[in-house]
Amino acid sequence: MNKLLSDQNSYQNVLNQKMPKPNLPRNLALSFVVGGGICVLGQFIQNIYINYFNFSPDRAGDPTITTMIFLGGLLTALGVFDRIARFAGAGTAVPVTGFANSMVSAALEFKREGYVLGVGSKMFILAGSVIVFGVVAAFIIGLISALI
């Protein structure tokens, strides 16, 4: 038992020595810039819907979110989103494009298992928890809002 723990500790020590150290200031800056850039793109698209398609500012958010999710899914399907995410890290995960990426990448990964048992059942494997907690939070907030 002690030999096993000793081996685990020595393995962990070797792992800690060999593992590259993350460059936190660079990663934080890239996440901030790329995540902010995605949000600026979303604002630009929303302004297009307001100015060119006569959406009211209150209603322009719906097609904007739809467009951003479509772009995130399309870029994931083309393999571009993963390269952006590898470069920018968490900056791509926060906006709705990260949600689209989690659904499309899971669907692509399990496509070989068929459209029903693969794509249909596993495309929400990553995003399912987000949807469940979002619906539960919306229900609780709606209930509180109705009671106040």
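How many residues of the lining of the largest pocket are nonpolar, polar and charged? The lining divides into eight nonpolar, three polar and no charged residues. This is a predicted model: local features need pLDDT of at least 70, side-chain atom pairs count only at pLDDT 80 or more, and totals for chains, interfaces and linings use all residues. Residues are numbered from 1 along each chain as its sequence is written, and side-chain values use heavy atoms, without hydrogens and water.

**Largest pocket**
- Its volume, the space filled by probe spheres set on the grid points, is about 150 Å³.
- A pocket is an open set of points on a 1 Å grid, with protein on both sides within 12 Å along at least five of seven lines; lining residues have an atom within 4 Å of a point.
- H2, H3 and helix H4 (80-88) each supply at least two lining residues.
- H3 gives the largest share, four residues.
- Among the lining residues are Val 34, Met 68, Phe 81 and Thr 97.
- Helices are DSSP runs (H or I) of at least four residues, numbered from the N terminus.

**Asn 54**
- Asn 54 sits in the loop between helix H2 (24-52) and helix H3 (61-77).
- Asn 54 is not a glycine, yet has a positive phi of about 55°.

**Helix H7**
- Leu 147 belongs to helix H7 (residues 128-147).
- Leu 147 is exposed too, with a relative accessible area of 72%.

How values were computed. On a 1 Å grid over the protein atoms alone, a cavity is a set of points where a 1.4 Å probe fits but cannot get out, and a pocket is an open set with protein on both sides within 12 Å along at least five of seven lines; lining residues have an atom within 4 Å of a point. Ala, Val, Leu, Ile, Met, Phe, Trp, Tyr, Cys and Pro count as nonpolar, Asp, Glu, Lys and Arg as charged, and the others, Gly among them, as polar. Buried means under 20% relative accessible area, exposed over 50%, partly exposed in between (1.4 Å probe, protein chains only).
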